[in-house]
Amino acid sequence: MEKPIDISFIPKSKVKTVIVDRRVPRCIQNKIRAEGINIIKTCCCSDLYEAISCHPDILMHHVGGNEIVVSPNVYEHMRFQFEKLNFNVILGETILGSTYPNNIAYNVGRIGKFAVHNFKYTDKMLFKKLVEKDIKLINVKQGYAKCSICIVNENAVITSDKGIAKQLDRYGIDVLFISPGYIDLPGLNYGFIGGASGLVDKDKILFFGDIRLHPDYEKIKLFLDKYSIRLDYVENEKLIDLGSIIPITESVV
């Protein structure tokens, strides 16, 4: 038995279904499936540049519960996979384009009751849904907000973005600031910690690659230990930004 995850990105039990980039390496797929988790792979969007063209956190946003907002670029390709799980698949208003800021409309970071984004560019339908749910909006300059945030729980995150860290601190969110870089994003200089991770259980984060290779690993481990969050990773593989692991269903407890 499974049900939609109520709070975006933050499961309360073992995750049953995740969305990932269709180009996810087999070693990472195997790691996810070994957890008993079903995988929904994105389609690729030719309107975006190659590096992020299949990133789920660029193409859509799970608002929470059974609602997911999907960009018009991939709506018809993706909707049936979500409808099979009884999701209400909502057509976003923003057609994504290749250049910044035309590709950030759905890349909203969610931390419990907060949403983090450059709200000047947020998709209007997604914005409406956030307001309907009484989500508190934290405006930042960084448009790639979800990519930049590794969500630990409803009140704690890891990021390498100074602007985001400063803003979240004002709202009482516990932030671990780490060094930028050290994460691959093919075609670009480097990727982000949020795009290279995601919760796969109420107390476990999975990293796309070997987090032990990151220079701030010890800091990261101590931070996760503080919140009793276990970490999992793919040994001896460099960290790679694949547009987040997006958990959408979990076990019925």
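Let's start with a pair of residues: in strand S15, Leu-231 is the bridge partner of Ile-205. The model here is a predicted one. Strand S14 (residues 204-207) and S15 run parallel and are joined by three bridges.

These strands belong to an open sheet of three, ordered S13-S14-S15, with mixed pairing. Strand S13 (197-201) and strand S15 (230-232) each have a single partner strand and stand at the edges, so one side of each is left without a neighbour in the sheet. From one strand to the next, the twist averages 30°.

Now to another open sheet, where four strands follow the order S1-S16-S2-S3, again with mixed pairing. Its edges are strand S1 (2-4) and strand S3 (38-41); each has a single partner strand, so one side of each lacks a neighbour in the sheet. Neighbouring strands of this sheet are turned against each other by 25° on average, direction ignored.

S1 and strand S16 (residues 246-251) run antiparallel, with three bridges joining them. Here Lys-3 has Glu-250 in S16 as its bridge partner. Two helices pack on this sheet, and the table sets out their contacts and directions.

| Helix | Strands touched | Angle with the direction of S3 |
|---|---|---|
| H1 (residues 26-34) | S2 (15-20) and S3 | about 140° |
| H3 (residues 75-83) | S2, S3 and S16 | about 160° |

Which strands does helix H3 touch? Helix H3 touches S2, S3 and S16, while helix H1 touches S2 and S3.

Technical notes
Residues numbered from 1 in each chain as written. Predicted model: local features only at pLDDT ≥ 70, side-chain atom pairs only at ≥ 80, totals over all residues. Heavy atoms only, no water. Pairing = 2+ DSSP bridges. Axes fitted to C-alpha atoms, helices over the stretch in contact; angles between N-to-C directions. Contact = heavy atoms within 4.5 Å.
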